[in-house]
Amino acid sequence: MAALPVYRWHLAPDGYATRRQLRARGLRPGGQGVAAQLERPRRRRGPLVAYLYKVDLAKPVRPMTPARWAALAAANAARRRCPSCRRDAGYVIPTSLGTCVPCAFPGPHGPDGST
């Protein structure tokens, strides 16, 4: 297998883009392999590496279907539901706590916080 071409940061030729750059143009890699890589040198660690894809081989992003929108809404709703009290917290439950804030730090009057 041939080695990938390596370019320095900001010096890649036209026709290559990162995944984020493709996405900003409404494209996706579309099954193609990595075509090149960028390297940004750092002082005390190894270089930062970004993988590049050919823009001419990229395909358009697939549109969201109603079923995919529904699945995304259900996943986001599950991230807001507290596993302890089963209520919608109104925000995404922090993974560091694992429960909503009132359940993680109950006050003297229980997790409701009411007086």
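**Labels and their grounds**

Reader: In this predicted model, why is Gln 32 called buried or exposed?

Author: The relative accessibility of Gln 32 is 16%, and the label buried is given under 20%, so Gln 32 counts as buried. Gln 32 is found in the loop that lies between strand 3 (27-28) and strand 4.

Reader: Which residues is Gln 32 in contact with, leaving aside its neighbours within four places in sequence?

Author: With those neighbours set aside, Gln 32 is in contact with Tyr 53, Lys 54, Leu 57 and Ala 58.

Reader: What makes the approach between the side chain of Gln 32 and the backbone oxygen of Lys 54 a polar contact?

Author: A polar atom of the Gln 32 side chain lies 2.9 Å from the backbone oxygen of Lys 54, and the cut-off for a polar contact is within 3.5 Å, so the distance meets that criterion.

Reader: How do you know that strand 4 and strand 5 pair?

Author: Pairing requires at least two bridges, and 5 bridges join strand 4 (residues 36-40) to strand 5 (residues 48-54), so these antiparallel strands pair. Among the facing residues, Leu 38 stands opposite Ala 50, while Glu 39 has Val 49 as its bridge partner.

Reader: On what grounds are strand 1 and strand 4 said to pair?

Author: Strand 1 and strand 4 share 3 bridges in the parallel sense, and Tyr 7 stands opposite Leu 38 in strand 4.

Reader: What makes the sheet mixed, and which strands stand at the edges?

Author: Strands 4 and 5 run antiparallel, whereas strands 1 and 4 are parallel, and the open sheet has the order 1-4-5-2. Strand 1 (6-8) and strand 2 (16-17) each have a single partner strand, so one side of each is left without a neighbour in the sheet.

Notes. Residues are numbered from 1 along each chain as its sequence is written. This is a predicted model: local features need pLDDT of at least 70, side-chain atom pairs count only at pLDDT 80 or more; totals for chains, interfaces and linings use all residues. Side-chain values use heavy atoms; hydrogens and water are left out. Helices (H or I, at least four residues) and strands (E, at least two) are DSSP runs, numbered from the N terminus. Buried means under 20% relative accessible area, exposed over 50%, partly exposed in between (1.4 Å probe, protein chains only). A polar contact is a pair of N or O atoms within 3.5 Å; within protein, one must be able to donate a hydrogen and the other to accept it, and residues adjacent in sequence count only if both atoms are side-chain atoms. Contact means heavy atoms within 4.5 Å.
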